[in-house]
Amino acid sequence: MNLVERDLKVIWHPYTQMKTVQPPVPIVRGEGACLFDASGKKYIDAVSSWWVNIHGHSHPYIAQKVAEQLTTLEHVIFAGFTHPAAVELAERLLAILPDNQQKAFYSDNGSTAVEVAIKMCLQYWNNQGNKRTKILAFKNAYHGDTFGAMAVSGRSAFTAAFDSLLFEVEFIDLPAKNNLQDLKSQISGLKSELACFIFEPLVQGSAGMIMYGAEYLNELMAHCRKEGVLLIADEVFTGFGRTGKRFACDHLTEKPDIMCFSKGLTGGTMALGLTTCTGQIFDAFLSDDKLKTLFHGHSFTANPIACSAALASMDLFMDAATPENIERIARAHKRFAERIKHHPKIKTVRQTGTIVAMEWETGDNTSYFSLLRDKLYYYFLDAGIILRPLGNIIYILPPYCITDADLDYIYSKIEQALEEI
Ligand SMILES: *Cc1c(COP(=O)(O)O)cnc(C)c1O
């Protein structure tokens, strides 16, 4: 049996429909923005392997730092113990976040970073004997696949089987010029119950790379602040340069109370979650009373190997070449968007930083499971490009090291698809 046959026998892949499952592509090697299969065929990773990879695959510098850590200290319990990589990573990250972020709490991935953020907020109020227990979120939000993260995500086909078990959340529309006053009134009406507001700043990834204005989010945040509602910025996707600045919150003047990170945190090398918070949140847990403890800890909390991958990624992220690459990609995306925006098959094109998304005309069939999605997916796969359309929305968000030639190849194949599909 070859690798794919063995895989199909024993593996249950995520987000894969069982009956119509197509054999997975066997990848044996990665380099820069590209992946290679067993036959040597090259695939440009135009989605950064589910949005995690920022500096390219198998980066030699990250590999070296991880190897050094592996032979020094692979893991240690993080309750009652600490280690240099965890401390240094927290120091360096907090130094580049909004200045109200003071403490870092480690976990395993994006969903757990969100779980921690939610628990911090709910218990923040609980510890003070306050009855605020409701959470505010955006209708199309995506915050992860664990139960708490699912509950604060919009109800959709992804959550349908569990909807009756998800705790109640107040969902609001994205803010825009014409509804801002309504949203503010809605929030004011609920204020004494609302514990926190969780949002993906500027770009809602899974919803289809939906983008919304920083100025409206700012106003909404300021209003929540006025009403005592804590603010959670889920930067699991938008963090580490995706939106053109280091963090999406760098586009805002309002500061969140809590921030969530994962995906790009280790440069896409391995799983690690991080939730940061203000001193005010931390202080609500600072007590002699055992019941005021945040009882949350994963076996692999602050794993030293993951932290060292994140530190190496941080070195690369802070290097002058990275913002230059981000700028270069943003400029290229903008030119491409201008070029195709009037194409009859393009409904809309939008771009923020290194993310460009285009919506295809489909008539009235726009579901995630639409045939167009699969057609496009396999069209690009054949052409050696990994793009994963969300329904009729195609988006490109490459590793920052992608070459101009590879970027141009992706654009030209999309333009070709516009003529052929
Ligand atoms: C991907 C994502 C998550 C979940 O992260 P995982 O590491 O996949 O659990 C949470 N929030 C946002 C905004 C995401 O894009």
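This report describes the strands, the ligand site and some single residues of a predicted model.

## Basis of the model

Because the model is predicted, local features need pLDDT of at least 70 and side-chain atom pairs count only at pLDDT 80 or more, while totals for chains, interfaces and linings use all residues. Residues are numbered from 1 along each chain as its sequence is written, and side-chain values use heavy atoms, with hydrogens and water left out.

Strand 7 covers residues 194–199. Helices (H or I, at least four residues) and strands (E, at least two) are DSSP runs, numbered from the N terminus. Six of the six residues of strand 7 are buried, so the strand is largely enclosed by the rest of the structure. Buried means under 20% relative accessible area, exposed means over 50%, and partly exposed lies in between (1.4 Å probe, protein chains only).

Strand 7 runs parallel to strand 5 (residues 134–138), and four bridges join them. Two strands pair if DSSP finds at least two bridges between them. Lys134 has Leu194 of strand 7 as its bridge partner. Four bridges also join strand 7 to strand 10 (residues 230–234), again in parallel. Here Cys196 is bridged to Leu230 in strand 10.

## Strand 16 and the four-stranded sheet

Strand 16 (residues 393–396) is covered on both faces: Ile393 and Tyr395 are buried on one side, and Ile394 and Ile396 on the other. Strand 14 (residues 355–360) runs antiparallel to strand 16, with four bridges between them. Met358 stands opposite Ile394 of strand 16.

An open sheet of four strands has the order 1-2-3-15 and mixed pairing. Its edge strands are strand 1 (27–31) and strand 15 (385–386), each of which pairs on one side only. Strand 15 is joined by two bridges to strand 3 (residues 42–45), and the two run parallel. Ile44 stands opposite Ile385 in strand 15.

## The ligand site

The residues around the ligand are Trp51, Asn109, Gly110, Ser111, Tyr142, His143, Gly144, Glu200, Asp234, Val236, Phe237 and Lys263; a residue is listed if one of its heavy atoms lies within 4 Å of the ligand.

A polar backbone atom of Gly110 is 2.8 Å from a ligand oxygen, and an N or O atom in the side chain of Asn109 is 3.3 Å from one. A polar side-chain atom of Lys263 lies 2.7 Å from an oxygen atom of the ligand. The protein covers 83% of the 380 Å² of accessible area that the ligand has on its own, by the Shrake-Rupley method with a 1.4 Å probe.

## Single residues

Trp51, one of the residues around the ligand, lies in helix 2 (residues 48–51). Trp51 is buried, with a relative accessible area of 5%. Its phi is near 75°, a positive value in a residue other than glycine. Most residues other than glycine have a negative phi. Ala302 also has a positive phi, of about 55°, although it is not a glycine. Ala302 is in the loop between helix 9 (279–283) and helix 10 (304–318) and is buried at 0% relative accessibility.

Asp145 is found in the loop between strand 5 and helix 6 (147–151). At 42% relative accessibility, Asp145 is partly exposed. The C-alpha atoms of Asp145 and His59 are separated by 28 Å, and the two residues are 86 residues apart along the chain.

How values were computed: A polar contact is a pair of N or O atoms within 3.5 Å; within protein, one must be able to donate a hydrogen and the other to accept it, and residues adjacent in sequence count only if both atoms are side-chain atoms.
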